[in-house]
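Good morning, everyone, and thank you for making the time. Please bring up the sequence and the model on your screens, and we will go through them together.

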Amino acid sequence: MSELTGADRVRADAAARGLEVEIIERPAANSLEEAAELMGITPADIVKSLVVKRSDDTFVFALVPGGRKISWPKLRAVVGVNKLQLPDASRALAATGYERGTITPLGSTTAWPVVADVSIAGRRVSMGAGEHGRSLFVDADRLIDAFGATVADISDPE
């Protein structure tokens, strides 16, 4: 059996969850603003899927829109722990099966809990699609429902 590509894993997981996603190919971008312009959307419509490590070596996905960053105190309060950190690239890959810049909860090798920033609700968003040079579009509310995600204020302006 051949190894599935990242985008294949994303599509298979989305289908299993009854979630419609559109995966597009896109050129590499040097900034959030450039990526948004290439896709004809605003930076806030691009959602970063950040895999965050808890002190017990488990992880959580934090979904944060472009132009915003994780608020560590807010995220710690939501997750109910006093220590969180961004893992290095190799640990992020081991935790999700995806390289940085391609990470998405869809098709992750481990189904970690998902926490979505409240500001993505009600939008059609773009996010990593499991491989470089691709992005996916999805209805954020349906994504949140498909993962039973926690929705909370977990970000601050960049």
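Let me begin with the overall dimensions: a compact globule of 158 residues would have a radius of gyration near 15 Å, and the protein chain has 15 Å, so the two agree. That radius is taken over C-alpha atoms, and the globule rule is 2.2 Å times the number of residues to the power 0.38. This is a predicted model, in which local features need pLDDT of at least 70 and side-chain atom pairs count only at pLDDT 80 or more, while totals for chains, interfaces and linings use all residues. Residues are numbered from 1 along each chain as its sequence is written, and side-chain values use heavy atoms, with hydrogens and water left out.

Along the principal axes, the C-alpha atoms of the protein chain fill a box of roughly 40 × 40 × 30 Å. Of the 158 residues, 43% are buried, where buried means under 20% relative accessible area, exposed means over 50%, and partly exposed lies in between, with a 1.4 Å probe and protein chains only. The secondary structure comes to five helices and ten strands; these are DSSP runs numbered from the N terminus, helices being H or I with at least four residues and strands being E with at least two.

Now to helix α1, residues 6-16: which of its residues are buried? They are G6, A7, R9, V10, D13 and A14. Seen down the axis of α1, these buried residues fall within an arc of 155 degrees, so they line one face of the helix; the arc is that of the directions from the helix axis to the C-beta atoms. On the other side of α1, A15 and A16 are exposed. The cover over the buried residues of α1 includes β1 (22-25), α4 (89-96), β8 (134-139) and α5 (140-147), with contact meaning heavy atoms within 4.5 Å. After α1 comes G18, whose phi is positive, near 70 degrees.

Let us turn to the sheet. Five strands form an open sheet in the order β5-β2-β3-β6-β9, with mixed pairing. β5 (84-85) and β9 (150-152) stand at the edges, each with a single partner strand, so one side of each is left without a neighbour in the sheet. Two strands count as paired if DSSP finds at least two bridges between them. Strand β3 (residues 59-65) and strand β6 (residues 114-117) pair in the parallel sense over three bridges, and A62 stands opposite V115 in β6.
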